[in-house]
Amino acid sequence: MKQTTLQHGTLATNAISYAGYRFPPAVIGYAVRLHP
């Protein structure tokens with residue numbers, strides 16, 4: 001299993017799946033970063 005270190009030093013073991021979403025992953029990521 002691939003492990004990735006996230007921005008805040010936490011460990012992610014699963015990739016995020018955007019299957020079934022209306023918008024591309026870049027747009028979803030941008031919106032999540034802007035959300036307070």
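Is Tyr 18 buried, partly exposed or exposed, and at what relative accessibility? In this predicted model, Tyr 18 has a relative accessibility of 29%, so Tyr 18 counts as partly exposed. The legends below begin with the whole chain and then turn to the surroundings of this residue.

**View 1. The protein chain and its order of elements, β-β-α from the N terminus on.** The secondary structure comes to one helix and two strands. Of the 36 residues of the protein chain, 8% count as buried, and the accessible surface of the chain comes to about 3700 Å², with 60% of that surface belonging to carbon and sulfur atoms.

**View 2. Confidence along the elements of the predicted model.** The mean pLDDT of the protein chain is 76, and 64% of its residues reach 70 or more. Among the elements, helix H1, covering residues 25-34, has the highest mean pLDDT, at 92, whereas strand E2, covering residues 11-12, has the lowest, at 56.

**View 3. Tyr 18 in the loop between E2 and H1.** When residues up to four places away in sequence are not counted, Tyr 18 touches Pro 25 and Ile 28. Tyr 18 and Ile 28 are ten residues apart along the chain, and their C-alpha atoms are separated by 8.8 Å.

**View 4. The aromatic pair of the model, counted as one.** The two rings are those of Tyr 18 and Tyr 21, and because their planes stand at 65 degrees, with the centres 6.2 Å apart, the pair is edge-to-face. The reasoning rests on two cut-offs, since centres must lie within 6.5 Å for rings to pair and planes over 60 degrees apart count as edge-to-face. A pair of aromatic rings is described by both the distance of the centres and the angle of the planes.

**View 5. Accessibility of the two paired tyrosines, Tyr 18 and Tyr 21.** Tyr 21 has a relative accessibility of 56% and therefore counts as exposed, while Tyr 18, at 29%, counts as partly exposed. The cut-off that matters for this assignment is 50%, over which a residue counts as exposed.

Terms used
Residues numbered from 1 in each chain as written. Predicted model: local features only at pLDDT ≥ 70, side-chain atom pairs only at ≥ 80, totals over all residues. Heavy atoms only, no water. Phe/Tyr/Trp six-rings, centres within 6.5 Å; stacked < 30°, edge-to-face > 60°. Buried < 20%, exposed > 50% of the residue type's maximum accessible area, 1.4 Å probe, protein only. Helix = DSSP H or I, 4+ residues; strand = E, 2+ residues; numbered from the N terminus. Areas by Shrake-Rupley, 256 points an atom, 1.4 Å probe, with all protein chains shown as cover. pLDDT = per-residue confidence, 0-100. Contact = heavy atoms within 4.5 Å.
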